[in-house]
Amino acid sequence: MNTSTLDKLRKMKFFGMFHAFKSSMETGKTNDYTADELLAHLVDAEWDDRQNRRIERQILYAKFRYKASIEDVHYHADRSIDRNQIMRLADCTFIDRNENILVTGSTGIGKSYVASAVGYQACMLGYRVLYASTPKLFAKLKMAKADGSYIKELAKLERQQLLILDDFGIQPFDAQSRAALMELIEDRHGKTSLIITSQLPVSKWFEVIGEKTVADAILDRIVHDAHRIELKGGSMRRKRNVEPETSY
């Protein structure tokens with residue numbers, strides 16, 4: 001009977017229950033449970049398994065640049081990272097409030113890692129997250145414009161509760177990319193959150209975006225009430241002589 005039950009659990013894809021029941025039989029613990037306790041044990045195992053698999057899918061879908069964690073962020077005094085600020089952001093309630101995070105600093109200082117760490121935390125808490133290199137994303141949107149999938153791509157971005165735009169401003173926006181950025185920001189404003197990383201201070205973003213009226217509109221929506229993380233110091237890569245970084 002137990003073998004048949006295990007086979008049915010596996011075929012129904014109740015993998016949490018399958019492994020929990022199989023383990024209980026192998027260790028002889030099934031006799032230690034009442035019927036209610038065994039059922040609760042199996043349901044808890046199935047719940048945990050599905051939650052873990054969902055988180056794994058969300059992390060895979062997010063396409064992070066780094067496998068990052070809040071616990072591995074380094075709070076060196078010369079980096080000017082406020083541990084309390086990072087811990088507050090790690091609860092991800094800023095996403096519920098549709099707020100943005102702007103992370104700035106020199107090359108190799110750990111901007112992408114910090115952004116990814118918050119993104120990983122958001123995935124763990126059940127939020128839909130997508131990481132994107134800004135230059136690659138807007139190159140992709142240009143191609144989408146050409147092949148007719150542009151609206152579909154924008155809708156996909158809008159569905160993400162947290163969008164991470166890495167390397168923002170690494171190259172100036174041309175007219176087409178600027179228009180796409182305006183649409184992207186407009187679609188998400190007040191409904192979802194952004195994390196933007198950039199080598200440039202926020203004061204220089206106006207020049208990179210270009211066209212005064214559009215830049216004003218975009219920055220008003222991005223910067224207003226955003227959380228600022230301004231990293232300082234030299235490159236962590238050069239200090240550690242490691243590429244890529246496993247922690248920052």
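**A quick tour of the predicted chain**

L165 is buried, with a relative accessible area of 0%. Keep in mind that this is a predicted model. L165 belongs to strand β3, which covers residues 162–166, and the protein chain as a whole has 12 helices and five strands. With a radius of gyration of 23 Å, well over the 18 Å that the globule rule gives for 248 residues, the chain is more spread out than a compact globule. Below are the overall numbers, then a few residues worth a look.

**Overall build**

- Taken along the principal axes, the box filled by the C-alpha atoms of the protein chain is roughly 75 × 50 × 30 Å.
- Buried residues make up 46% of the 248 in the protein chain.
- If you take contacts between residues at least 6 apart in sequence, 80% of them join residues at least 24 apart.

**Surface and charge**

- The protein chain has an accessible surface of about 13500 Å², and carbon and sulfur atoms account for 53% of that.
- On the charge side, there are 38 positive and 34 negative charges in the protein chain, and their mean positions lie 4 Å apart.

- Why does L165 count as buried? Its relative accessible area is 0%, and the cut-off for buried is under 20%.
- Setting aside neighbours within four places in sequence, L165 is in contact with A132, T134, L137, L184, L194, I195, I196 and T197.
- L165 and D220 are 55 residues apart along the chain, and their C-alpha atoms are separated by 17 Å.
- I101 sits in strand β1 and is buried too, at a relative accessible area of 1%.
- How far apart in space are I101 and A226, C-alpha to C-alpha? The answer is 5.5 Å, for a pair 125 residues apart in sequence.

- E99 is placed in the loop that runs between α5 (93–96) and β1 (101–104).
- Which side chains does the E99 side chain pair up with? One is R97, through a polar contact of 3.0 Å, and another is H227, through a polar contact of 2.7 Å.
- Beyond residues up to four places away in sequence, E99 touches F94, S193, L194 and H227.
- N98 isn't a glycine, yet its phi is positive, near 60°.
- N98 counts as partly exposed, with 26% relative accessibility.

**The loop between α11 and β5: D225**

- D225 is found in the loop between α11 (212–223) and β5 (227–230).
- Here's another residue with a positive phi that is not a glycine: D225 comes in at about 65°.
- Is D225 buried or exposed? D225 is exposed, because its relative accessibility is 59% and the cut-off for exposed is over 50%.

Definitions and conventions
Residues are numbered from 1 along each chain as its sequence is written. This is a predicted model: local features need pLDDT of at least 70, side-chain atom pairs count only at pLDDT 80 or more; totals for chains, interfaces and linings use all residues. Side-chain values use heavy atoms; hydrogens and water are left out. Helices (H or I, at least four residues) and strands (E, at least two) are DSSP runs, numbered from the N terminus. The radius of gyration is taken over C-alpha atoms; the globule rule is 2.2 Å times the number of residues to the power 0.38. Buried means under 20% relative accessible area, exposed over 50%, partly exposed in between (1.4 Å probe, protein chains only). Contact means heavy atoms within 4.5 Å. Accessible areas come from the Shrake-Rupley method with a 1.4 Å probe; for residues, only the protein chains shown count as cover. Lys and Arg count as positive and Asp and Glu as negative; His and the chain ends are not counted. The place of a charge is taken as NZ of Lys, CZ of Arg, CG of Asp or CD of Glu. A polar contact is a pair of N or O atoms within 3.5 Å; within protein, one must be able to donate a hydrogen and the other to accept it, and residues adjacent in sequence count only if both atoms are side-chain atoms.
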